[in-house]
Amino acid sequence: MPAFLADISTVTPGGVKMNGREAAILADVMRLAYERGLINILGGNASIRLRDGFLITPSQKPKNMLRAEDMVFVDWDEGPKGHASMEWMMHREVYRASGSYEAVIHTHNPLTLALHEAGLKIDPAQYVEAYSIGPCIEVVPRLPPGSRELAEAVGNAVKRCRVAVLLGHGVVAAAPGIYEALDAVEALEDIARIRLLSLVGGMHQASRKP
Ligand SMILES: [Zn+2]
């Protein structure tokens, strides 16, 4: 853990005292996800579980320059205390699905989506770097972003696997820690790249055969 993240405390616009260390970590994670090409500038979201709710990234702010005080607290019962990500219900359903999930990230991995649009899937058991993904990947059908249907479908998916691909949309990873969740969506994208490049290589080899 970087030392500069250790002693930051802040207050949300809603006046909720929150853990600034978690807020600063969320800002760091979103910057990394943007720089990695997993989200566009206003896309994606991430959260960390707290005792009475969870802390989530805000809606409609550039994800490469978020500050700790931009994060929004979501109370388990009362909902968001500020302008939270539109997918806050999805995060809540993931936490409800398993007490072992302490962090959630949602990104828009382009190559992972390309692979699934082509009707292909990823078998995490085939790749060493898939340890953070776990043994399986769920696939969630196309549902409207920000909807209760999507939130419930993702909540059901992560009861079985900690990573889910949302067709036509992106991916969700839940983990005991936020950097493990980020690692999972990064690994997913790397494996998708490997699979797509190996398919192109195979087609090239086949075309050269007499
Ligand atoms: Zn999304």
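Two strands are taken to pair if DSSP finds at least two bridges between them. Strands (E, at least two residues) and helices (H or I, at least four) are themselves DSSP runs, numbered from the N terminus. The model looked at here is predicted, with local features needing a pLDDT of at least 70, side-chain atom pairs counting only at pLDDT 80 or more, and totals for chains, interfaces and linings using all residues. Residue numbers start from 1 along each chain as its sequence is written.

Overall, the protein has 5 helices and 10 strands. The C-alpha trace spans about 70 × 35 × 30 Å along its principal axes.

Eight strands form an open, mixed sheet in the order S6-S5-S4-S3-S7-S10-S9-S8. Strands S6 (79-80) and S8 (137-140) sit at the edges with a single partner strand each, so one side of each has no neighbour in the sheet. S8 pairs with S9 (residues 163-166) in the parallel sense over 4 bridges, and Ile-137 has Val-163 in S9 as its bridge partner.

H2 touches S3 (45-49), S4 (53-56), S5 (72-75), S6, S7 (103-107) and S10 (170-175), where contact means C-beta atoms, placed from the backbone, within 7 Å. The direction of H2 makes about 135° with that of S4; axes are lines fitted to C-alpha atoms, for helices over the stretch in contact, and angles run from 0 to 180 degrees between N-to-C directions. H4 (residues 148-160) touches S8, S9 and S10, with its direction at about 160° to that of S8.

The helices also meet each other: the axes of H2 and H4 come within 8 Å and cross at roughly 30°. They are therefore roughly parallel (under 35 degrees; over 145 would be roughly antiparallel, 65 to 115 roughly perpendicular and the rest oblique). Residues making the contact include Met-89, Met-90 and Glu-93 of H2 and Leu-150, Val-154 and Val-158 of H4. H2 (residues 88-97) is mostly covered, with 8 of its 10 residues buried, among them Trp-88, His-91 and Tyr-95.

Methods: A residue is buried if 20 or more other C-beta atoms lie within 10 Å of its own, exposed if 12 or fewer, and partly exposed in between; C-beta atoms are placed from the backbone. Two residues are in contact if their C-beta atoms, placed from the backbone, lie within 7 Å.
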